[in-house]
Amino acid sequence: MRNTSAPQADASHLPSTSPARDTILIVDRDAACLESIAADLEDNGFVVETAENGEDALVLAQQLLPALVITEVALDKFSGVELCRSLRADPTTEGTQVIMLTTRQSEADRIAGFEAGADDYVAKPCSARELVLRIKAMQRRTGLPKSQVVHAGPISVDHARCCALVDGAAVDLTPTEFKLLATLAECPNVVQTRDKLLSEVWGNENAIENRSVDTYLRRLRNKLGNAGHHIKTVYGFGYRIAC
């Protein structure tokens with residue numbers, strides 16, 4: 001659940017429970033942009049917290065220990081670059097991944113962000129699809145925890161329980177069918193080729209026939225019932241799951 005009110009500097013009212021390693025903290029002084037990014041990430045199954053300035057963001061990061069901080073560079077008083085430096089200087093947050101958002105395009109600005117310890121740099125405005133794909137690429141590179149539940153229309157993929165649900169009702173899938181559905185759901189509306197699915201699901205493109213993917217997907221659609229139509233065939237390319 002998102003933080004809807006900025007914390008005070010002493011953070012006395014913030015929870016100090018277990019680290020929220022599946023949480024993404026978004027920092028932007030533009031409230032409309034902040035809400036838009038947060039909503040897009042929540043729609044893709046991520047747990048989101050927000051802050052509108054660097055000071056509050058640092059307090060939240062130290063309390064929640066999020067997996068990722070996405071911060072605008074040009075924050076008031078305490079910039080995104082300063083926030084990144086502070087996160088890197090604190091042993092409790094030094095491993096937190098950081099993506100910088102900015103309208104600045106100069107090489108010097110990008111270098112300043114990377115020198116402060118940023119892991120990625122995204123120019124604004126950026127599409128929700130691009131940002132989600134960058135986060136997922138970071139997950140693959142660094143082991144950043146995946147969102148626990150991913151939604152695609154009425155379909156939910158629960159990574160923690162290794163199960164799939166349609167409108168809240170569990171669907172009986174084999175491990176391979178679950179992994180196939182999870183692979184599609186992790187990149188909603190993105191076309192994935194048969195070769196990519198073979199590599200991601202079976203780990204070896206020679207493990208089964210290329211066209212056998214079609215057979216597994218037919219079985220998966222049947223088990224999903226009416227929700228099966230959310231898995232779309234893109235003829236000549238592969239498959240995608242529609243939200």
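The buried residues of H7 are Arg-194, Leu-197, Leu-198, Val-201 and Trp-202. Buried here means under 20% relative accessible area, exposed over 50%, and partly exposed in between (1.4 Å probe, protein chains only). Viewed along the axis of H7, these buried residues fall within an arc of 105°, so they line one face of the helix. The arc is taken from the directions that run from the helix axis to the C-beta atoms. The model is predicted: local features need pLDDT of at least 70, side-chain atom pairs count only at pLDDT 80 or more, and totals for chains, interfaces and linings use all residues. Residues are numbered from 1 along each chain as its sequence is written, and side-chain values use heavy atoms, with hydrogens and water left out. Helices (H or I, at least four residues) and strands (E, at least two) are DSSP runs, numbered from the N terminus.

The cover over the buried residues of H7 includes helix H6 (175-185), strand S10 (192-193), H8 and strand S12 (238-241). Contact means heavy atoms within 4.5 Å. H7 is followed by Gly-203, which has a positive phi near 75°.

Two packed helices are described by the angle between their axes and the distance between the axes. Helix H7 (residues 194-202) and helix H8 (residues 212-224) have axes that come within 10 Å and cross at roughly 70°. That makes H7 roughly perpendicular to H8. Axes are lines fitted to C-alpha atoms, for helices over the stretch in contact, and angles run from 0 to 180 degrees between N-to-C directions. Angles under 35 degrees count as roughly parallel, over 145 as roughly antiparallel, 65 to 115 as roughly perpendicular and the rest as oblique. On the H7 side, the meeting residues are Arg-194, Leu-197, Leu-198 and Trp-202. On the H8 side, they are Val-213, Asp-214, Tyr-216 and Leu-217.

H8 also crosses H6. Their axes come within 10 Å, at an angle of roughly 90°. H6 and H8 are therefore roughly perpendicular to each other. H6 contributes Thr-176, Glu-177, Leu-180, Leu-181 and Leu-184 to the contact. H8 contributes Tyr-216, Leu-217, Arg-219, Leu-220, Lys-223 and Leu-224.

Helix H1 (residues 31-43) has 13 residues. From its first C-alpha to its last, H1 reaches 18 Å, close to the 18 Å expected at 1.5 Å a residue. The expected span is 1.5 Å times one less than the number of residues. Cys-33, Leu-34, Ile-37, Ala-38 and Leu-41 are the buried residues of H1. Seen down the axis of H1, they fall within an arc of 130°, so they line one face of the helix. The face turned away from this buried side carries the exposed residues Ala-32 and Asp-43. Asp-30 caps the N-terminal end of H1, with a side-chain oxygen 3.1 Å from the backbone nitrogen of Ala-32. A polar contact is a pair of N or O atoms within 3.5 Å; within protein, one must be able to donate a hydrogen and the other to accept it, and residues adjacent in sequence count only if both atoms are side-chain atoms. Gly-45 follows H1, and its phi is positive, near 90°.

H2 is mostly covered, with 8 of its 11 residues buried. These are Gly-54, Asp-56, Ala-57, Leu-58, Val-59, Leu-60, Ala-61 and Leu-64. They pack against strand S1 (23-27), strand S2 (47-51) and helix H3 (80-89). Asn-53 caps the N-terminal end of H2: one of its side-chain oxygens lies 3.2 Å from the backbone nitrogen of Glu-55.

Most residues other than glycine have a negative phi, and most peptide bonds are trans. Just after H2, Leu-65 takes a positive phi of about 50°. Leu-65 sits in the loop between helix H2 (54-64) and strand S3 (68-72). At 15% relative accessibility, Leu-65 counts as buried. Asp-167 also has a positive phi of about 50°, although it is not a glycine. Its place is in the loop between strand S8 (163-166) and strand S9 (169-171). Asp-167 is exposed, with a relative accessible area of 66%.

Thr-71 is found in strand S3. Its relative accessible area is 1%. Not counting residues up to four places away in sequence, Thr-71 touches Val-27, Gly-80, Leu-83, Val-98, Ile-99, Met-100 and Leu-101. Ile-135 lies in helix H5 (residues 128-142). Ile-135 is buried, at 0% relative accessibility. The C-alpha atoms of Ile-135 and Asp-120 are separated by 9.4 Å, and the two residues are 15 residues apart along the chain.
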